[in-house]
Amino acid sequence: MTLKIYNSLSREKEEFSPAHDKKVTMYVCGMTVYSDAHIGHARTYFAFDMVRRYLEFKGYDVLYVQNVTDVDDKIINAANKENVDALDYSCGYTDRCLGDLDLLGIHRADKYPKASETIDDMIEMIQHIIDRGYGYVADGDVYFSVEKYPDYGKLSGQKVAELMSGARIEPEEKKQSPLDFALWKQAKPGEPFWDSPWGKGRPGWHIECSTMSSKYLGLPFDIHGGGMDLQFPHHENEIAQAEAATGKPFARFWMHCGLLTIEGEKMSKSLGNIVNIRDLLDDWAAEVIRFFFAKTHYRRPPDFNQQSLENAKKGVDRLHRFKEQLEHFSAKKSCVIEKDLLKEDDAQLYALVDEFMSCFEEAMDDDFNTPEAIACLFSFSSQVNRFLQDHPTPNAEVCRYALDMLKKAGYVLTLFQEEYVEESKETVDAVKDVYKKYISDDSVPNSLDDLLTELLDRREHARKEKKWDVADSIRDEIECLGFEIQDTSDGPVWRKRK
């Protein structure tokens, strides 16, 4: 199967193949670190985490670079309000913002170059732009001359003549044309600065991404990603700078995420509807939030609302129950059987797995169509559950194959990551208190699994004796501690609530 990606540059789906055999180079615009990461950030970085996972699923070796903007007007203003050094301020928020994404279960990029650490490289690129006739110095500032770059607008479809209509130069600006943008800004009092051939100052925002992507990935690299709001002017300016400086093509494929809305409205500070990741995680499991994102195609705008999250939770719960069903049947003993020697019933189950993987890959090959891939998952779940109802003793090896393929597809969609329960002392002590209330035993287990397993055995014993109040009380107390109990044909099982 062949992967096709919608390329914003050509405005059509194109067959994807990397510039260098099986190695994919990918750059995504990172965060400006002056406040906590919010759900809009999460939407973008989930999307490109998923893209990387699927490329790896296809057998590619992916080098993923994401910059950190740690020098910026917003950072300087925020640091001045706190009366602290701007770089110290952004350093703290770099750790905090990346930590927010860690909490959400979004895997980190391979490299996180910082603007403040690549100033020399930016100065070098700016000098190349000037030397090639696309930039000019204006009293300590350096500007890019948009009208001298003939391909300006090729990504966004903007026309220079139309952009010029109504555009004007602000009184404090020194540029020659209203469309020109800053490559280097002369230092102002109280701002961080670096020495350059044009005087003390700091880089413009756009130049950092052109520089970092070129430095760490080479030109042309395979995929450049970011939010739809960055397509113009940021990404347009990136292309102009990099190609003007080097004479080489910049990025081969451009991918843009649809912008998230909050209950139908644009997320913005003025509306007061920004949702920080840490606040969101107080109410919803990370897996539920990620599944909410996966249910909308990356190019579409997901609408964040209570009902959508509740629906995502129901979907996650359903898929976990299916996974547990396969784990149950996989645990039974059976011989390893060759595919062509399977009994007719087991061959039927094997075929369902292969059909699912074909369905999943076909969906993902169509520009990472996660909603369709999820539909394949649910269809697979329903078909296998019906099969297991009619065939209560399936071949365990085939069930393991089904489980392995479910996990493999789930990994791409970021499902089933929370596979463990942290046995914190507080959690274990709380379960021990419940244990001591219902079980008279001098030796109390220290393992969370042993404690909960014995409590479930005690509950089953109470049910057999028709002591419904005891059984219900045990269940309620376990659930109050954040665990779920599921009754199966082989007895009750527990898991951490999602």
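Colleague: Which residues lie nearest the centre of the largest pocket?

Modeller: The model is predicted. In it, the largest pocket has a volume of about 1100 Å³ and a lining of 32 residues. Those nearest its centre are Tyr34, His38, His41, Lys74 and Asp229.

Colleague: Which element gives the most to the lining of the largest pocket?

Modeller: Strand S9 (221-227), helix H2 (73-82) and helix H1 (39-57) each supply at least two lining residues. The lining as a whole divides into 11 nonpolar, 13 polar and eight charged residues. The most, five residues, comes from H1.

Colleague: How many residues apart in sequence are the parts that the pair of Phe221 and Phe250 ties together?

Modeller: The structure holds 26 aromatic pairs. Phe221 and Phe250 form one that is edge-to-face, with 5.1 Å centre to centre and 85 degrees between the planes. Phe221 lies in strand S9 and Phe250 in the loop between helix H7 (231-246) and strand S10 (251-257), so the parts tied together are apart in sequence by 29 residues.

Colleague: Is Asp367 buried or exposed, and with which side chain does the side chain of Asp367 make a polar contact?

Modeller: Asp367 sits in the loop between helix H11 (344-365) and helix H12 (370-390). Its relative accessibility is 1%, and buried means under 20%, so Asp367 counts as buried. Beyond its neighbours within four places in sequence, its contacts include Lys4, Tyr6 and His297. At 2.8 Å, the polar contact of its side chain is with the side chain of Arg299.

Notes: Residues numbered from 1 in each chain as written. Predicted model: local features only at pLDDT ≥ 70, side-chain atom pairs only at ≥ 80, totals over all residues. Heavy atoms only, no water. Helix = DSSP H or I, 4+ residues; strand = E, 2+ residues; numbered from the N terminus. Buried < 20%, exposed > 50% of the residue type's maximum accessible area, 1.4 Å probe, protein only. Polar contact = N/O pair within 3.5 Å; in protein donor to acceptor, adjacent residues only side chain to side chain. Contact = heavy atoms within 4.5 Å. 1 Å grid on protein atoms, 1.4 Å probe; cavity = no way out; pocket = protein on both sides within 12 Å on 5 of 7 lines; lining within 4 Å. Points joined across faces, edges and corners; volume = space filled by probe spheres on them. Nonpolar A, V, L, I, M, F, W, Y, C, P; charged D, E, K, R; others polar. Phe/Tyr/Trp six-rings, centres within 6.5 Å; stacked < 30°, edge-to-face > 60°.
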